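Visitor: I'd like to go through this one label by label. Can you tell me what stands behind each word?

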Amino acid sequence: MTPEKALEPQLAVAEERYAMILASIQAFAQFCDVHGDDDNAEYDRLADQLQTLTGKDISRFNLREWWEEEGAEVLAFRIALPDPVKLDDVSRMDIAHIVARIGRFELSEEDASEPGFQQTFSAFLDDYYHAWLKLHCKSYNYKKIFGAHKDKDGKRLWLTDDEKVDVLWPQR
């Protein structure tokens, strides 16, 4: 994988895994609706299946009550998407690229009429980009960098992208 490719989420892999993961989550929900899962046997089976498929620690995902969050489709996407890869020689420009991606979702007009997999889920890449920053930047602190701050008059403000990069850049 080239360094430029390693910056980007592996959406092709996520797309390959997505349908199977979504079907598994939905089948689990249907099973629980009909039979219950008091002993967590079906939950454990699903978690093991998804961990084997993805290599991820599935305990960080809410498999049991996904309908109270973003829905089964987004959960399946988040599980299907491979975690970021640790890179050597991360540049300030790389960090700036990732910071610029967070919180920005724009479809071109040609993609907006019938979005594909990447366009459909591009608005849900925030967890991936934050995990990438946490993996590569010792100074990563979500609240400090992406949260609201107050100025001397008590007015809420947020860091600009350049200010975020200044805090994250490990060579400061």
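**What the labels rest on**

Guide: Happy to, and I'll begin with the overall layout. This is a predicted model, and 67% of the contacts in the protein with a separation of 6 or more are between residues 24 or more positions apart.

Visitor: What makes up the fold, and in which order along the sequence?

Guide: There are 10 helices and two strands. Their order is α-α-α-α-α-α-α-α-α-β-β-α. The C-alpha trace spans about 55 × 40 × 35 Å along its principal axes, and 36% of the 172 residues count as buried.

Visitor: Why is helix α4 called largely enclosed?

Guide: Eight of the nine residues of α4 (residues 72–80) are buried, so the rest of the structure largely encloses this helix. The buried ones are Ala-72, Val-74, Leu-75, Ala-76, Phe-77, Arg-78, Ile-79 and Ala-80.

Visitor: What covers the buried residues of α4?

Guide: The cover includes α2 (11–35), α3 (41–54), α7 (117–121) and α8 (126–136).

Visitor: What does Leu-133 touch, leaving out residues up to four places away in sequence?

Guide: Leu-133 touches Ile-95, Ile-98, Val-99, Ile-102, Tyr-140, Phe-146 and Leu-168.

Visitor: Now Glu-42: how do you know whether it is buried or exposed?

Guide: Set the value against the cut-off. Buried means under 20% relative accessible area, and Glu-42 has 16%, so Glu-42 is buried. This residue is found in helix α3.

Visitor: What makes the link between Glu-42 and Arg-45 a polar contact?

Guide: The distance is part of it: the limit for a pair of N or O atoms is within 3.5 Å, and the contact joining the side chains of Glu-42 and Arg-45 is 2.8 Å. Apart from neighbours within four places in sequence, Glu-42 is in contact with Phe-28, Phe-31 and Asp-37.

Visitor: And Glu-68: why is that one called exposed?

Guide: Exposed means over 50%. Glu-68 has a relative accessible area of 57%, so the label is exposed. Glu-68 sits in the loop between α3 and α4. The C-alpha atoms of Glu-68 and His-130 are separated by 22 Å, with the two residues 62 apart along the chain.

Visitor: Why is Asn-40 called partly exposed?

Guide: The relative accessible area of Asn-40 is 30%. Buried needs under 20% and exposed needs over 50%, with partly exposed in between, so Asn-40 is partly exposed.

Visitor: Where does Asp-89 lie, and what is its phi?

Guide: Asp-89 lies in the loop between α4 and α5 (92–101). Its phi is positive too, about 60 degrees, and Asp-89 is not a glycine. With a relative accessible area of 76%, against a cut-off of over 50%, Asp-89 is exposed.

Key. Residues numbered from 1 in each chain as written. Predicted model: local features only at pLDDT ≥ 70, side-chain atom pairs only at ≥ 80, totals over all residues. Heavy atoms only, no water. Helix = DSSP H or I, 4+ residues; strand = E, 2+ residues; numbered from the N terminus. Buried < 20%, exposed > 50% of the residue type's maximum accessible area, 1.4 Å probe, protein only. Contact = heavy atoms within 4.5 Å. Polar contact = N/O pair within 3.5 Å; in protein donor to acceptor, adjacent residues only side chain to side chain.
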